[in-house]
Amino acid sequence: MSAPLRAVLWRILQTVPVVFGVVVISFVLTRALPGDPAVYFAGAMADAQSIEEVRVALGLDQPLWRQFFLYVGDLLQGDLGNSISTGQPVLTDLAMRLPASLELTLTALLLACAIAIPLGVLAAVRQGSWVDHLCRVLVTAGVSLPTFFTGILLIYVFYYLLGIAPSPLGRLDFIYFEPPRVTGFYLIDSLIDGDPETFFAALRQLILPATTLALFTLAPIARMTRASMLTALSSDYIRTARAAGLSGAMVLFGYAFRNALLPVVTTLGMVFSFVLGANVLVEKVFAWPGIGSYAVEALVVSDYAAIQGFVLAMALLFVFLNLVIDLSYTLIDPRIRFAAK
Amino acid sequence: MTDTNRRTFLKTTALGAASLPFLKVMPALAEGRDTLVVVSGQTINSLDLHRVGTNRASYQVAINCYDRLVSFGTKTLPTGELSYDYENIVPELAESWSLSDDGLVITFKLKSNATFWDGRKVTAEDVKWSFDRAVSVGGFPTTQMRAGGLSRPDQFAALDAETFTVTLDFPSKLSLPDLAVPVPFIINAEVAKANATADDPWAMEYLHQTPAGSGAFKVARWDQGQQLVYERNDDWVGGPVPAVQRVIVREVPSQSTRRALIERGDVQVSFDIPDRDAAELADKMTVHSTPIENCIHCACLNTNFEPFQDANVRKAIAWAIPYEAIFNTAAYGRGTPMWGGPETVTDTQWPRPFPYNTNLDTAREFLAKSNYADGFSVPLSISLDLASWMEPTALLIQENLEKIGISCTVEKIPGANWRTVALVDKSLAFHLENFGGWLNTPDYYFFWAYQEGKLFNSSNYYNEEVEELTNRTLHMPMDHPEYAGLIQRMFEIVIEDIPRIPLWQPALNVALNGATDYEFWFHRQLDARPIAGV
């Protein structure tokens, strides 16, 4: 087995205790939540008898340790349980909703990177110029404007007043149907289906929420780019490179930027996983059927299986993301090697 | 508008396709208005009302896609708006019915031309299977059936293909109306049984996703968490065939977004909008604000809490509440005031304004007469899920009680926990509550909210006479000579005892922009059948 592959496997093995910890904690925490699902799901006109019937139907009359072993047993078979509120396997729910969140978050991050990285680089290179000030204003605005406010503002201006944005009705206007499901990403699926009409419809729906989210996420990325570029530009090797008479572009992108990229990638990973779970407000404003609003709805009604499934999915995603980021470090900076970690 | 052109274009390109689910685009035409778009903040989580965990918003599927034996007629309210008519029970799947002389057996004759969506004739066996299911699955449907005296499968019998009987243990005025609520809907039993398993004899799994009924609309699409598309059933015999071909119910959680959509006219109905939006949109479009029958927003005083065992304390609070200010601030004037009513009870109107009003001097007098003349402090609990009306109400009550020496701290309880502490444990001393009964009789309200141990009696109220009067009137016909007198006596006792202080009767607000003939129903869900586009 080659060394990098063994390193990757070793990393994956290391995540097992983490995931197990997440399973235990999410199980205990959901049970510790105030609220009794049996009472909630017994509905409006419940009496003691119907509440008890529901409790038995949900298996909540069993002792806690028994519930836990049943849950872990199901998990090992790849069964995350059934959500009571949606009446579907949690896995199905997540498979429906995760792509929606991923599509939105990835688009927003791409957009944010496309703006924030050049902006951060320029701000660092021309420190104190108008670009630097623009960067500062954008960053301050980005972190200080809550996403639901930006979202509603964008809807008000571009949909309500100007009428150029489509109805903020989720992933597709009601006159279109979902493209045949391959990846769950409407943009990709509609292209696979060869249906440009739906592709553009999905893209139009995506613009406002992605912009809202991008405004929020570009702040940390731009700040990190600027700061690490400044550090890189003031370092010895850049002075040496300049003294050696290398061209400006070579110095900037070949040496400074490449070295500055490492913390930016780290930030990117953190921002991504944070935003994926935390963009509930954007999802609510744009009626986006994402995973954030799913989790919040599940939490409100104490839907145990759904909450646990969400936490587990996020934990796995986070672990995977960290792995990818660590791998990308080795590509960016050959000095970093897995074995050393 | 570019939008209209796009849709018109899409409509013409899509006409060739034969069946809806395979279309790439939905044929929708703004001017013809064959399709209505409804937005709602709530999510439909099941297509089967009988399932455990099915939420309120999903009841609309039982209404629009299934039929019952009977339904309620329509009346025009004094405001000119349409409402269901509790007094008038009309046929839906039953052609006619008769009651035996002892009032114990109701015999239904089914419509002979009624068919399910798959073309099979609706038989008494289907009705029997559906009713058996409702009383057997437990949880909410079973409780609701019991309210009408229906609790066991052996009460239902299919005499022949078109004759069905319900046998009661005791005559009750609630039995027939209880067959017109959403719960006892009639399922295509053949389809359901074909999809039932040994573990799941009532086909809960199958019907959760796939309705099988005879109702006015079929479900053309259901994207959970996003939308439900109703498609008209042209063979419907339960009533006049709906005016629109298609109704799309879109879920939009953000109220601001829903408001922008209805104001722009891109959707035709915004269902269950907040009082504030109703007040602000009223001069821009048609807004229906129908007071919800048999529903009252109340401030409840729990007798577990010692000072509230003192009737003078309860009256002091009832006289100190700033009713008018609450009604204007929390309800934006939508609904019906429930204060300043007549001193003496001479009729059986319910909900009725109680004779209390805001008068701090009277309040102080009552408090001085009590054992708590120096005042006391008490937490005032509200549910975070209902904060839109509870929070301003609680703050105004807190402000006024401070003036008579009672200090309140407002305690906000998470929605998931609210039902447990407020209704099941009944452990909240002073709190706000809003019970509404489906069956529109005062005794039914009393049964749930004033009888000891009942779910909505969050005040832990107990009065021997009220117990007895409620039991006597609950199943008594409303035209019984004694009925009015007994009901008035019940009113007098709870007005005097005042364990629940009525604040106002809330309204259900619906905004229409491009639709008409909206009809209010006690179940507070959209009945898509009468509604038409303009």
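1. Helix 4 of chain A covers residues 64-76. Helices here are DSSP runs of H or I with at least four residues, strands are runs of E with at least two, and both are numbered from the N terminus. The expected span is 1.5 Å times one less than the number of residues. For the 13 residues of helix 4 of chain A this gives 18 Å, and the end C-alpha atoms are 18 Å apart, so the two agree. Just after helix 4 of chain A, G78(A) has a positive phi of about 80 degrees.

2. This is a predicted model, in which local features need pLDDT of at least 70 and side-chain atom pairs count only at pLDDT 80 or more, while totals for chains, interfaces and linings use all residues. Residues are numbered from 1 along each chain as its sequence is written, and chains are lettered from A and ligands numbered from 1 in the order in which they are written.

3. Chain A is divided into domain 1 (3-76) and domain 2 (90-300); domain bounds come from an automatic or database domain assignment. The C-alpha centres of these two domains of chain A are 33 Å apart.

4. In chain B the assignment gives domain 1 (31-46 + 215-292 + 507-534), domain 2 (67-207) and domain 3 (297-505). The centres of domain 1 and domain 3 of chain B, taken over C-alpha atoms, are separated by 33 Å. Their contact takes twelve residues from domain 1 of chain B and eleven residues from domain 3 of chain B; contact means C-beta atoms, placed from the backbone, within 7 Å. On the domain 1 side, helix 9 (275-281), strand 12 (286-291) and strand 19 (507-512) of chain B each supply at least two residues. Helix 9 of chain B gives the most, with four residues.

5. Strand 4 (residues 94-99) and strand 5 (residues 105-110) of chain B run antiparallel and are joined by five bridges; pairing requires at least two DSSP bridges. S98(B) is opposite T107(B) of strand 5. The hairpin has five residues between the strands, and G103(B) takes a positive phi near 75 degrees.

6. Helix 11 (residues 323-330) of chain B has Y323(B), I326(B), F327(B) and A330(B) buried, that is, with 20 or more other C-beta atoms within 10 Å of their own, C-beta atoms being placed from the backbone. They lie on the same side of helix 11 of chain B, because they cover an arc of only 100 degrees around the axis; the arc is that of the directions from the helix axis to the C-beta atoms. Their cover includes strand 14 (336-337), helix 13 (387-403) and strand 18 (500-505) of chain B. Just after helix 11 of chain B, Y332(B) takes a positive phi of about 50 degrees.

Terms used: Two residues are in contact if their C-beta atoms, placed from the backbone, lie within 7 Å. A residue is buried if 20 or more other C-beta atoms lie within 10 Å of its own, exposed if 12 or fewer, and partly exposed in between; C-beta atoms are placed from the backbone.
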